[in-house]
Amino acid sequence: MSSSDWKRLAIHIPVGMLIVFSIFIHWAVLLVFGTYFIIYEIWQEKIKHDRAYKDIIGALTGQAIAVVYLLLR
C-alpha cells in the first residue's frame, strides 16, 4: 500500500466508528449512516473511478475497532 492509501484508510476509520457508535442514538440512525456511506462510495466509484473499495475497507476497519471496544469495555 502506498502512503496515500494509508491516509485514505486513516481518514475513513473514524467514519466507520461513527457508524457503529450511532447505535446509541437509535438503531435506525446506524442503518441510515451505513447505507448512506455505501451508496455514496458506490456513486463515487461510478463517477470518479477512484477505487472506492479502499474507503469502504477503512470504514470497515473503524467498525471492527468500535465493535471490539464495545465488547471489551
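Predicted model: local features only at pLDDT ≥ 70, side-chain atom pairs only at ≥ 80, totals over all residues.

Colleague: How many helices and strands are in the chain?

Modeller: Helices (H or I, at least four residues) and strands (E, at least two) are DSSP runs, numbered from the N terminus. The chain has three helices and zero strands, in the order α-α-α along the sequence. Along the principal axes, its C-alpha atoms fill a box of roughly 35 × 25 × 10 Å.

Colleague: What share of the contacts in the chain with a separation of 6 or more comes from residues 24 or more positions apart?

Modeller: A contact means heavy atoms within 4.5 Å. Residues 24 or more positions apart supply 64% of the contacts with a separation of 6 or more.

Colleague: What percentage of the residues in the chain is buried?

Modeller: Buried means under 20% relative accessible area, exposed over 50%, and partly exposed in between (1.4 Å probe, protein chains only). Of the 73 residues in the chain, 26% are buried.

Colleague: How many salt bridges does a search of the whole structure find?

Modeller: Side chains of opposite charge can pair when their charged atoms come close. A salt bridge is counted when a side-chain nitrogen of Lys or Arg is within 4 Å of a carboxyl oxygen of Asp or Glu. The search of the whole structure finds three salt bridges.

Colleague: Which residue forms a salt bridge with D5?

Modeller: D5 pairs with K54, and the closest N and O atoms are 2.9 Å apart. This pair links distant parts of the chain, with D5 in helix α1 (residues 3-21) and K54 in helix α3, 49 residues apart. Helix α3 covers residues 53-72.

Colleague: Which residues are linked with R8 in a network of salt bridges?

Modeller: The network of salt bridges links R8, D50 and D55. In the pair of R8 with D50, the closest N and O atoms are 3.7 Å apart. R8 lies in helix α1 and D50 in the loop between α2 and α3, so this pair ties together parts that are 42 residues apart in sequence. In the pair of R8 with D55, the closest N and O atoms are 2.7 Å apart. That pair links distant parts of the chain, R8 in helix α1 and D55 in helix α3, 47 residues apart.

Colleague: Is D55 buried or exposed?

Modeller: D55 is buried, because its relative accessible area is 4%. D50 counts as partly exposed, because its relative accessibility is 23%.

Colleague: Where is H49 placed?

Modeller: H49 is in the loop between α2 and α3. H49 has a positive phi of about 55 degrees although it is not a glycine. H49 is exposed, because its relative accessible area is 60%. R51 is also placed in the loop between α2 and α3, and R51 has a positive phi of about 55 degrees without being a glycine.

Colleague: Which residues does Q63 touch, not counting residues up to four places away in sequence?

Modeller: With that exclusion, Q63 touches G16, M17, I19 and V20. Q63 is in helix α3 and counts as partly exposed, because its relative accessibility is 21%. Q63 and F21 are 42 residues apart in sequence, with a C-alpha to C-alpha separation of 8.9 Å in space.

Colleague: Which residues form a nonpolar patch on the surface?

Modeller: Patches are made of residues with over 30% relative accessible area and no salt bridge; like charges are joined within 9 Å, and nonpolar side chains (Val, Leu, Ile, Met, Phe, Trp, Tyr) within 5 Å. Accessible areas come from the Shrake-Rupley method with a 1.4 Å probe, and for residues only the protein chains shown count as cover. I23, F24, W27 and L31 form the nonpolar patch, with about 450 Å² of accessible area together. W27 is found in helix α2 (residues 27-48) and counts as exposed because its relative accessibility is 53%.

How values were computed: Residues numbered from 1 in each chain as written. Heavy atoms only, no water.
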